[in-house]
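Reader: I have a model open and would like to learn how to read it. Could you walk me through a few features?

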Number of protein chains: 4
Amino acid sequence: MAEILMNRQEVYSYLLDVFPELFPEDHSPYDVVSINPDEAVLAFQANETHLRPGGTVSGPALMTLADLAMYVVILAHIGPVALAVTTNLNINFMRKPSAGRLLGTARLLKLGRSLAVGDVTIASELEPEKIVAHASLTYSIPPQKS
Amino acid sequence: MAEILMNRQEVYSYLLDVFPELFPEDHSPYDVVSINPDEAVLAFQANETHLRPGGTVSGPALMTLADLAMYVVILAHIGPVALAVTTNLNINFMRKPSAGRLLGTARLLKLGRSLAVGDVTIASELEPEKIVAHASLTYSIPPQKS
Amino acid sequence: MAEILMNRQEVYSYLLDVFPELFPEDHSPYDVVSINPDEAVLAFQANETHLRPGGTVSGPALMTLADLAMYVVILAHIGPVALAVTTNLNINFMRKPSAGRLLGTARLLKLGRSLAVGDVTIASELEPEKIVAHASLTYSIPPQKS
Amino acid sequence: MAEILMNRQEVYSYLLDVFPELFPEDHSPYDVVSINPDEAVLAFQANETHLRPGGTVSGPALMTLADLAMYVVILAHIGPVALAVTTNLNINFMRKPSAGRLLGTARLLKLGRSLAVGDVTIASELEPEKIVAHASLTYSIPPQKS
């Protein structure tokens, strides 16, 4: 099990810095809920721009949530110096989520020197047992200067 | 090989109607370039909101392009009545694309009664041989009323 | 959460019947270890035909284990009448497993009328925390006669 | 476009050496049909051990064909010295193939220093337009000694 190098606040501050367009300081739709060994939970409050006709959250908004939740769990375990990028994302959409707060729970399945693999389970905060989408992701981790 | 039921203009008009947030009439970043049997090409002109630090196009922007290009090739072959939704998307990111016009070329590999399967190859219009990302997608097609 | 319709012995007997080539009665490499709500564990004892030079278990043997473990969890929850087939499988290989008993733990993430989605985590029985491979699968479930 | 370093016969001889269990000299079900820039075709003649009840080719047999076809196209372009392993495979099953000769056509989409990405389209030799399965794969390529 990997050691935690950044806590919830440190990860969030780092995201504000590097993704200002996703994390505008005063009204970001994302929130880092918790970080635990090999796990992180990212919340997402969909707004009108993320909805499709009928009031369901769009597929791309769910993919972005999965991608970010995986990034959060990696950051928490490798620290802020690394520039990790997604190389593969696979997602199954299972239910159409209504607007409301969604939670993306990311598990770190492997943290190697050059690749990190994990999965993300997305569900509404109000109905956590009804899984909305499930994604598997691989990130490439660039070599660290020592 | 499936028959084409909607041409380029008909698909584009339909998208303007159903996805007004993605296709604002006067400045949409997307454009339907061509529709051919079992194939469609969708162009995407990334703007500042789609870029990451360093000027590369974000992963979610590429996933959205793949998802829409697949939707376009399905629409063109089943017509405007159908409400198709993505059930699976798998994407490999191969190169970081610079800002500029990207083309997503969608191939329809199978069009069944309830599922459509295809893939989308994304490359810059200026360097078509350097593939930026490649996605495989499955859409669920609801039963048609007759 | 779905109800369990077949127990461990019933699933195993059914597999002996329908997959005689994979489950020869006297020396099958597979064993149904446990069935619980939305979960099943399938064991696999690799023999020489499943090994690659160096003594590691081949990729196709791991994919077969993932596919079967998912089939087991579906069977347990829909009963023996259904003819389910894999429509999508995505697998990440994380470590090369040595010969020995492997466990594939399948979770049922969604059991719908026409599609079942789940994931399978594969690890050696002796080192369960070192994940060897992780797969996500979709099965198509044919309409039931009533 | 990558340069071809091994021809059809050289790749086949190499496979006989490294995968004796898959390529028994006198009756292998696999045959390297052709190698071209960024493309390779591998044939597979399913025998009784690869069939499911009803006479269709099993999913694992198709996954093995996809995995091997991708390996062939990589070998042809990096030469026999490399020990490449699959890190990700995603496959969509579209039609149940009858027994008979199947062709797996592998495209090399990216050949980097440490990762190769491609896809494989599988169809019966007799009905090449009816795609049976389509897979996307990533191989990890170990660093070369120079």
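Author: Gladly. Let us begin with contact: two residues are in contact if their C-beta atoms, placed from the backbone, lie within 7 Å. This is a predicted model, in which local features need pLDDT of at least 70, side-chain atom pairs count only at pLDDT 80 or more, and totals for chains, interfaces and linings use all residues. Residues are numbered from 1 along each chain as its sequence is written, while chains are lettered from A and ligands numbered from 1 in the order in which they are written.

Reader: How many residues does the contact take from chain A and from chain C?

Author: It takes 11 residues from chain A and 11 residues from chain C. Helices (H or I, at least four residues) and strands (E, at least two) are DSSP runs, numbered from the N terminus. On chain A's side, β5 (85–93), β6 (101–111), β7 (115–124) and β8 (131–140) give two or more residues, and the largest share, four residues, comes from β8(A).

Reader: How are chain A and chain C related?

Author: Two copies of a chain are related by a rotation about an axis and a shift along it. Superposition is by least squares on the C-alpha atoms of residues with pLDDT of at least 70 in both copies. Here a rotation of 180° with 0.0 Å of shift along its axis superposes chain A on chain C (RMSD 0.0 Å). The two copies are thus related as by a two-fold rotation axis. Also, 100% of the interface residues of chain A are interface residues in chain C too, so the copies meet through the same surface.

Reader: Which strands form a hairpin in chain C?

Author: Strands pair if DSSP finds at least two bridges between them. β1 (residues 30–36) and β2 (residues 39–45) of chain C pair in the antiparallel sense over six bridges, with Tyr30(C) opposite Phe44(C) in β2(C). β1(C) and β2(C) form a hairpin with two residues between them, and Asp38(C) in the turn has a positive phi of about 60°.

Reader: Is α2(C) mostly covered or exposed?

Author: A residue is buried if 20 or more other C-beta atoms, placed from the backbone, lie within 10 Å of its own. By that rule α2(C) is mostly covered, with 20 of its 20 residues buried. Just after α2(C), Gly79(C) takes a positive phi of about 85°.

Key
Buried ≥ 20, exposed ≤ 12 C-beta atoms within 10 Å, placed from the backbone.
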